[in-house]
Amino acid sequence: MQTPQPGTLRILHLSDTHLTGDGALHQGTVDTTAALDALLARLDSTEGVGLVVVSGDVSEDGSPESYAALVERVGGWATRHGAALVTVPGNHDQREGFRQVLANGHLLGEGGRPMMHTMEYHPPTVPVWGQSLVAGRRVVTLDTSVPGAGYGLLTAETLERLRTALADRSEAPHGSVVVLHHPPLPAPTALHEALRLQNPEDLADVIRGSDVRVVLAGHYHHHFAGSIGGVPVLVAPGVANDTDVAGPYGEETAYIGTGALVVDLAQDGSLWSTPVRAPVAAADSIAVHHDADAVTRIIDAVGPR
């Protein structure tokens, strides 16, 4: 891949790593640690990455060991490439374990040290919030997770903090990047549509006319693109597996496969993204399948009330 032009921030966008503390297989079929290792090895020759983003569902079990595995692997990759690392919780993450290892999710330097670490205790009901500067861009992470649920929601407090952060443009001459897990876009399957971000219009109201250049999201386990409030939205492929977006809408099938996005963000706000797929064992075989009845049961269990 060509080296980015001067002034361009190259972002390696990963999502849905679903790491486990004990090495258990995701959905009983996928070794997510091995998938992540294969993907990072595939991307090791990618030049000019200044920021690595993991947009949620970092962990499958919420264990500190699973978050430590991310720091070791993705943090190590970022350190070798001289890049910052930013993570945000998803619906499978547990805020307590996330904060214990990743603090507010903004990490940089040898060993993936937190950039803005605080020892202040926050109960699990309080969303994780992070903000940092990378190459003249403000990077803001928004926690859309809802404890015990699968859908996403931006609280009034989170939206107000974002609005306040975006009001000051002096510290970020090249604009802002927003990272969250649940995309503010319609979903390609019934399950993900039920478990999508519930108040995308509130996010649109905050970022419309702001200096936000791109919103990066995950959750759908498939490359997806759109816009909201006049701002591009890029959804990364899943590290854990690849959703079958061409199958029956009411069913949910995912194939074994792993990928990422390489996003180039120029100083003038222009951007382009390049999907990257890594070869893994048993690629394109079914990783998980839920028929329509199973999808309904999942929605009833973790969908909006």
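1. Asp57 is buried, with a relative accessible area of 2%. Buried means under 20% relative accessible area, exposed over 50%, and partly exposed in between (1.4 Å probe, protein chains only). Asp57 sits in the loop between S2 and H2. Helices (H or I, at least four residues) and strands (E, at least two) are DSSP runs, numbered from the N terminus. Asp57 is not a glycine, yet its phi is positive, about 50 degrees.

2. A word on the source. This is a predicted model, where local features need pLDDT of at least 70 and side-chain atom pairs count only at pLDDT 80 or more, while totals for chains, interfaces and linings use all residues. Residues are numbered from 1 along each chain as its sequence is written, and side-chain values use heavy atoms, with hydrogens and water left out.

3. Contact here means heavy atoms within 4.5 Å. Thr17 belongs to the loop between S1 and H1. Its relative accessibility is 0%, so Thr17 counts as buried.

4. Now helix H2. H2 covers residues 64-80, 17 residues in total. From first C-alpha to last, H2 reaches 23 Å, close to the 24 Å expected at 1.5 Å a residue. The expected span is 1.5 Å times one less than the number of residues. H2 has a kink of about 25 degrees, centred on Val74. The bend at a residue is the angle between axes fitted to the seven residues ending there and the seven starting there. After H2 comes Gly82, with a positive phi near 70 degrees.

5. Which elements do the buried residues of H2 pack against? They pack against strands S1 (9-14), S2 (49-54), S3 (84-87) and S4 (106-107), and against helices H1 (32-42) and H3 (95-102). The buried residues of H2 include Leu70, Val74 and Trp77.

6. Look at H1 beside H2. Two packed helices are described by the angle between their axes and the distance between the axes. The axes of H1 and H2 come within 11 Å and cross at roughly 10 degrees. Axes are lines fitted to C-alpha atoms, for helices over the stretch in contact, and angles run from 0 to 180 degrees between N-to-C directions. H1 and H2 are therefore roughly parallel to each other. Angles under 35 degrees count as roughly parallel, over 145 as roughly antiparallel, 65 to 115 as roughly perpendicular, and the rest as oblique.

7. Which residues of H1 and H2 meet? Thr33, Leu36, Asp37 and Leu40 in H1 meet Arg73, Val74 and Trp77 in H2. The residues of this contact divide into 4 nonpolar, 1 polar and 2 charged. Ala, Val, Leu, Ile, Met, Phe, Trp, Tyr, Cys and Pro count as nonpolar, Asp, Glu, Lys and Arg as charged, and the others, Gly among them, as polar.

8. Arg196 lies in the loop between helix H5 (190-194) and helix H6 (200-207). Is Arg196 buried or exposed? Arg196 is buried, with a relative accessible area of 15%. Its contacts beyond four places in sequence include Tyr151, His182 and Tyr220.

9. Ala292 is partly exposed at 37% relative accessible area. Ala301 is partly exposed at 45%. The C-alpha atoms of Ala301 and Ala149 are separated by 7.9 Å, although these residues are 152 residues apart along the chain.
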